[in-house]
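Visitor: I am new to this structure and would like to learn how to read it. Please show it to me.

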Amino acid sequence: MNRSARGRAAQLANGADDDETMQWHSSKRHAVVHEVPNEWIASLFPATHNFIDHGDGTASPKSLATLAAEAVCRNLATNTAPLPGPLPPDVVEELTNTLRMALAYNSTTLEALQDSEWMQLDLSQVRNSVTDEWIHRFLGGRIKRSSQDTSPTTAYLKHLDLSGSQITDEGLLAMGRMVFLETVVLDQCHYLMGSEDSKAFHVFASPRLQSVSLQDCRRLEDAAVLALSLYGRDSLRDLNLSGCRCLTDQSLVACGTMWQLESLQLEACDMITDAGLEHLQHLELVELNLGWCTKISDRGMELLLQQHMPLQRLRLARCRMLKQPEWLYLICNTLSDLDLTGCLQLSSTSLGKALQGLPHLLHLDVSHIPGIIRSGWQGRVPKLQTLVLSYSAVRDSHLTEWSDFRELVELNLESCSNVSDSSLRHLISAAPNLQRLVVADCAISDAGMVHIAKFKQMTHLDLFYCQISNRGLRCLSELADLQVLSIDSRDVTDSGLVYLQNFKQLVQLDLFSGHVTDRGCQYLSHLTSLESLALCGGGIGDAGCEYLSRLTRLQHLNLSENEDITEQGIAHFKSLSQLRSLNISQTSVTSVMPLSSLKQLQSLCVYGCRGMADLHSLETKLPQLRCLRYSNTTPEEGMMLVDPDDCKEDYSDDDDDILLDDGEDDEYSDHDAPVGFQRRDL
């Protein structure tokens, strides 16, 4: 590891970050509480719950294998006698899946299965972060000091997932040599280094190793990648090193020897240079991510692609040294997905010339590049299906030049403030098959809804920060296939919600600042397909909560800033058995105990709610609760979270954040959202 890399590691260890290079990743302050107590385990597997609730009023009996596994897990933490062993692998898999699905892993339940032969070990969803101590107890106190040793417990592992854990090189080494491993996921293991001295990564000595993900292991050293190349040279196909900010070109030298690699993720590995890319040129990569690798230039891309690599997906977001992408012709026959977000030195003319030679391009992201479509290159990519132009200063005059975008199904124009209703009128003929449209923060009004209503295949529509009223909603009522709708307008009231009742397939509805009351909730109660709902800052009270309780498929609900809601209102939510996240910030709720029956609830936000003496006792009632956000100070300091990135921000010291899990909230992950649609935090 060179001097600059070690300096970066030291900075990260001391909590220092460079603002320029760390925009891609924000951190959030949190306190991890104790693991799931042993006395809670039995409550996770009630003996009376012998049916699977499908959420639509129907249920089916659990299988005999499931009932047997739950019976064993129910007493796993309190049994003094060990389980008979070794258990068959299929029985172990049934038990471990049961523990994982119920978030019932703790060091005791893990230790109870130590004498079994594990095929899969997934501890990514445990309530408290896994540590070396957990691993040592799991192995019965047997600490392996050599990477050549094996453990009977882990020797036959095929799948290992310790994402978000606090495991160190010592803990990894303790697991022993795993010669049957096929997939490894160690994302966000911030204490792993894989140093040359520890030889921790030599435990992955498997000739079957196919996929390794080490995303955001920010202290990882080049020696770890070198160790992987020794054993995965002939088998490894997918490698994710995004966010491993200590890696240098030496890691790319090692990657260049993994001749079976098809997918390589290097986002935010900002110490790699053009010289390192040359070592990858002989690989047959299908997917490559170099986003936020700020030292990469056009020369490096030419060196990388001179052997005509068969790339299909290439991501170069924020590579600000790129100017002339003429090297794209080297992959013209294969490239289908290109991300150039924030490559500010690219000109519209140079991009147009390069795109002309990409006949198979289907997805293009050129957001955050003002003026990038000025030269009118759009006619050169007629097969394009997805185009992201957010924050790129697009104007009506640009869009009116479009003539033949019949293959386009997704268009993102977010924060292009000079795009107005007239552009929508032109898109009807230029891109008649649009299914997903983002015009958030554009100059769109009710008049534009007349044009949008003509896109009969529309499924996703984002109208945040547009001037939409009830009149506009009336026009949208014709979009029978709509699944996702986002509107942020105080001009939307109860009367407009009448027109939403036709949306029988609507899954996600965000009326963030609509002026909605109990009467509006009555109209919304007919949208029984809803899984995600946000109604913030309106006039909803306890009666409205009763209407919303009819939406039994809801998984995410945001009712923040509705001051008339009390604990009597949230008591109606007992029927929402699938609810996983709830935001009741800035309401008049003073007790959360009415929520104690929501056994699937994992995230609860109560910023600005007073009293809450029973807040911490809710943990014992809801063992699956992983994230609890609240504030004991002024309402201003307890404002609700709107954007997913806000979930990662460092709150003031006056706020109390309790995270019962050391990872991020999967429900709000942007990775699952369609291009251009970022799920807002509920």
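Visitor: Which residue stands opposite Cys-627 in β24?

Guide: Ser-603 does. This is a predicted model, where local features need pLDDT of at least 70, side-chain atom pairs count only at pLDDT 80 or more, and totals for chains, interfaces and linings use all residues. Residues are numbered from 1 along each chain as its sequence is written, and side-chain values use heavy atoms, leaving out hydrogens and water.

Visitor: How is β24 joined to strand β23?

Guide: Strands (E, at least two residues) and helices (H or I, at least four) are DSSP runs, numbered from the N terminus. Two strands pair if DSSP finds at least two bridges between them. Here three bridges join β23 (residues 603-605) to β24, and the two run parallel.

Visitor: Why is β24 described as largely enclosed?

Guide: Buried means under 20% relative accessible area, exposed over 50%, partly exposed in between (1.4 Å probe, protein chains only). Five of the five residues of β24 (residues 627-631) are buried, so the rest of the structure largely encloses this strand. Cys-627, Arg-629 and Ser-631 lie on one side, Leu-628 and Tyr-630 on the other.

Visitor: Which residues touch the most other members of the largest nonpolar core?

Guide: A nonpolar core is a set of buried Ala, Val, Leu, Ile, Met, Phe, Trp, Tyr and Cys residues joined through side-chain atoms within 4.5 Å. Among its 187 residues, they are Phe-201, Phe-204, Met-301, Leu-314 and Leu-604. Helix α8 (residues 222-232) gives the largest share, four residues.

Visitor: What is the average pLDDT of the chain?

Guide: pLDDT is the predictor's confidence in each residue, from 0 to 100. The chain averages 85, and 85% of the residues score at least 70.
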